[in-house]
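Please have the sequence and the model open while I talk.

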Amino acid sequence: MDVIFGNLDLWGTAIKNTLLVFFGGGAIALVLGIIVGAMRVSPVPIARGVGTVYVNIIRNTPLTLVFFFFVLGYPALGLPKVSTLLLGILAIGIYTATYVAEVLRAGINTVPVGQAEAARAIGLPFGQVMGLVVLPQAFRSVVPPMMSVFIALLKNTTVAAGFSVAELAALRATINDAAGRPGSPMEVLLWVAAVFVVLVLILSFIQNRLEKKWRIVR
């Protein structure tokens, strides 16, 4: 246990940054994914085209290259300097948004077409049809795949360790480089894995609760 209690400050920073990347990236992915998902089923051809191009380009680009663009390419553009943590959040959020959009699009396709047509018949514009009629039902039908996307997002936060973000995956190198810190590399990696298992179990618990709650509602 010395590897934990002898490095509490480093563990605290690593867990905090991992959660910041997860929640920050998740918030961006959810908001942007809803917008892109709605664009993918929009009656406006330009909106559908933009959504399709965005998904196909970003989703088919390796996450590591997306991180390279943000962490290394952004400073080269001469834009205002921001932390690598924020750049990592933006990279993982924009990347994960494509998966959120595709899962949500699949959920939208499960909603009977007649409901959207009825909403349009009473004069609701596209935005209200999506927000009031289609999306609430779509979210209920995609809880398991959506949570799988966020579990993958949680595990993808480890990529940020390769770009100077002091999160859990970087903890092994951080402890080894610090003189006098207890713990072997294997011990650190095993405990890091244990932390991720606990976090994934928490997400799985939330998924089960949501499924039970919304199953009753339906």
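This is a predicted model: local features need pLDDT of at least 70, side-chain atom pairs count only at pLDDT 80 or more; totals for chains, interfaces and linings use all residues.

F69 is exposed, with a relative accessible area of 52%, whereas F70 is buried at 13%; with a 1.4 Å probe and the protein chains only, buried means under 20% relative accessible area, exposed over 50%, and partly exposed in between. Residues are numbered from 1 along each chain as its sequence is written, and side-chain values use heavy atoms, with hydrogens and water left out.

Let me turn to the rings, where Phe, Tyr and Trp (by its six-membered ring) pair if their centres lie within 6.5 Å, planes under 30 degrees apart being stacked, over 60 edge-to-face and the rest tilted. The count by this rule is 3 aromatic pairs, and among them is the edge-to-face pair of F22 and F23, at 5.1 Å centre to centre with 70° between the planes. The pair of F69 and F70 is edge-to-face too, because the ring centres are 5.5 Å apart and the planes stand at 90°.

Which residues lie nearest the centre of the largest pocket? They are F22, M147, F150, L203 and I206, out of 19 lining residues, and the elements giving two or more residues to that lining are α2 (8-40), α8 (143-156) and α10 (185-217). A pocket here is an open set of points on a 1 Å grid over the protein atoms alone, where a 1.4 Å probe fits, with protein on both sides within 12 Å along at least five of seven lines, and lining residues have an atom within 4 Å of a point. The largest pocket holds about 440 Å³ of space, and its lining has 18 nonpolar residues, 1 polar and no charged.

Staying with α8, its buried residues include M147 and F150, along with V143 and L154.

The second largest pocket holds about 220 Å³, and its lining divides into 10 nonpolar residues, 1 polar and 1 charged. Residues including V41, N109, R120 and F126 line this pocket, and α7 gives the largest share of the lining, 4 residues.

Notes:
Grid points are joined across faces, edges and corners, and a volume is the space filled by probe spheres set on the points. Ala, Val, Leu, Ile, Met, Phe, Trp, Tyr, Cys and Pro count as nonpolar, Asp, Glu, Lys and Arg as charged, and the others, Gly among them, as polar.
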